[in-house]
Amino acid sequence: MRMVDLIEKKKHGQELSEEEIHDIIQGYVANQIPDYQMSAFMMATYFQGMSEKETAILTSEMMHSGDTMDLSGIQGIKVDKHSTGGVGDKTSLAVGPMVAACGAPVAKMSGRGLGHTGGTLDKLESIPGLSVYLSEEDFIKQVNEIKLAIIGQTKQLDPADAKMYALRDVTGTVDSIPLIASSIMSKKLAAGADAILLDVKYGDGAFMKNVEDARKLAKTMIAIGDHLGRDTRATISNMNQPLGNAIGNSLEVKEAIATLKGEGPRDFTELCFEAGETMLLMTKMADTREEAHQKLEAVIKDGSALATLAKMVEAQGGDPSYIMHPEKFPETKEVITVESLKTGYIEDLEALNLGLVSMKLGGGRATMDDQIDHAVGLVLKKKVGDHVEAGEPLLDVHTNTGLSEELKAEILSAYHIVDHEVATPQLIEEILE
Ligand code: URA
């Protein structure tokens, strides 16, 4: 069938067959279908959506567009985790070692940050010497030996997604639930884990702006996982303000290290425990949430969660002394404190804009080719619900390029301060199993 006929079919809201979706993905990866036709198809998908069956087929076709990892050489139920992205989200750096220290094999494939969102790989690369590129053989060996590896995806994994995502980025078709769900799940499925925990964010700093859309996305991804035989569960969490206090690569690694010592921020610690409990249930390392919680508490208390992170860093060529002595991470030239102009309660703290400030300081990329400065970023002193006096610090700016009046104004306008008391927002909305 001609591509134009398939575009017409989707435009009129008709369901595409397995063969038709196969032809579209194969044709696009082989450069037989041009970008302009694929753009039209994705825009039609944006408006018409896809059935559960079509989305599962699309995911499977994307997943099989390149190499898939065979992790059968890893003993036990292998678990992977994925966040849909946000600001200050360093969860994998803490929850990975926590779960691995409890004995569950964590085989995690991560991405890089773009725009206001950070990426786990960039955070890890702030540790000198650490490589995120391992062969499949070394990845399997490392997970068997220390139960934890976090690596980047190779170019051969899910080439359909790489091509489609780049096109979606410039054709206004990123925020389509079937396209996001198939993009995320095709990569996760190709990466080979048996169990997948999704942290689906909603709010100002996330792709999904409201909880209903986040729930819809989570349900779509769980249905894909079920369809393709993987245990897939999801946490829906709030990204209306940054997660934890640190935003920026090495600052976030340091916050993850503090959390592994039991000294992390309350909200971030809560999310790590919730995610860790689900991962222990999925890998059958615990029978109940209470048992899982106790196991996670124990590995923080006895230092084995922190030691597991250090072992992973060493196995991937990094200097493990940075984990035990985080004061070794290079500091920026200056740390500038921004103080509140008003007295009151913090009602809102715009995650998106603070993520953009960190990016503009050099901590993130506007395009995939940008170099990043691992040391820069922000450390929040006040969050939603807190009281602040005029003149009290709101946050510290870690910078190598000073702080322009413009950036300072952006920071101040990200904080909404009101006269009345404000409740601390709920972080975890729901867990879908
Ligand atoms: N993350 C992805 O990998 N794909 C999307 O489409 C959105 C977020």
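**Exercise 1.** Which residues does L395 touch, not counting residues up to four places away in sequence? Describe also the nonpolar core in which L395 takes part.

*Solution.* The model used here is a predicted one. Setting aside residues up to four places away in sequence, L395 touches I336, T337, V338, L354, L378, V379, L380, K381, I411 and Y415. Another core, of 36 residues, lies apart from it, and includes L134, A149, I184 and I224.

**Exercise 2.** Decide whether V253 is buried or exposed, and find its contacts.

*Solution.* V253 is found in helix α11, which spans residues 249-260. Its relative accessible area is 3%, and since buried means under 20%, V253 counts as buried. Leaving aside neighbours within four places in sequence, V253 is in contact with L93, K123, S126, I127 and F329. As for E125, it stands 128 residues from V253 in sequence, while the two C-alpha atoms are 9.8 Å apart in space.

**Exercise 3.** Compare the salt bridges R112 to D122 and R289 to E433 by the accessibility of their partners and their places in the chain.

*Solution.* The structure holds 29 salt bridges. R112 is partly exposed at 27% relative accessibility, but D122 is buried at 3%. These two residues also belong to a network of salt bridges that links R112, D122, E125 and R365.

In the second pair, the side chains of R289 and E433 meet at 3.1 Å, N to O. R289 lies in helix α13 (residues 289-301) and E433 in the segment after β13 (428-432), so this pair ties together parts that are 144 residues apart in sequence. Here R289 is partly exposed, with a relative accessible area of 21%, while E433 is exposed at 60%.

**Exercise 4.** Which residues form a nonpolar patch on the surface with Y46?

*Solution.* Y46 is found in helix α3, residues 35-48, and at 33% relative accessibility it counts as partly exposed. Together with M43 and F47, Y46 forms a nonpolar surface patch with about 310 Å² of accessible area.

Key:
Residues numbered from 1 in each chain as written. Predicted model: local features only at pLDDT ≥ 70, side-chain atom pairs only at ≥ 80, totals over all residues. Heavy atoms only, no water. Patch = residues over 30% accessible without salt bridge, like charges linked within 9 Å, V, L, I, M, F, W, Y side chains within 5 Å. Areas by Shrake-Rupley, 256 points an atom, 1.4 Å probe, with all protein chains shown as cover. Salt bridge = Lys/Arg side-chain N within 4 Å of Asp/Glu carboxyl O. Helix = DSSP H or I, 4+ residues; strand = E, 2+ residues; numbered from the N terminus. Buried < 20%, exposed > 50% of the residue type's maximum accessible area, 1.4 Å probe, protein only. Contact = heavy atoms within 4.5 Å. Core = buried A, V, L, I, M, F, W, Y, C linked by side-chain atoms within 4.5 Å.
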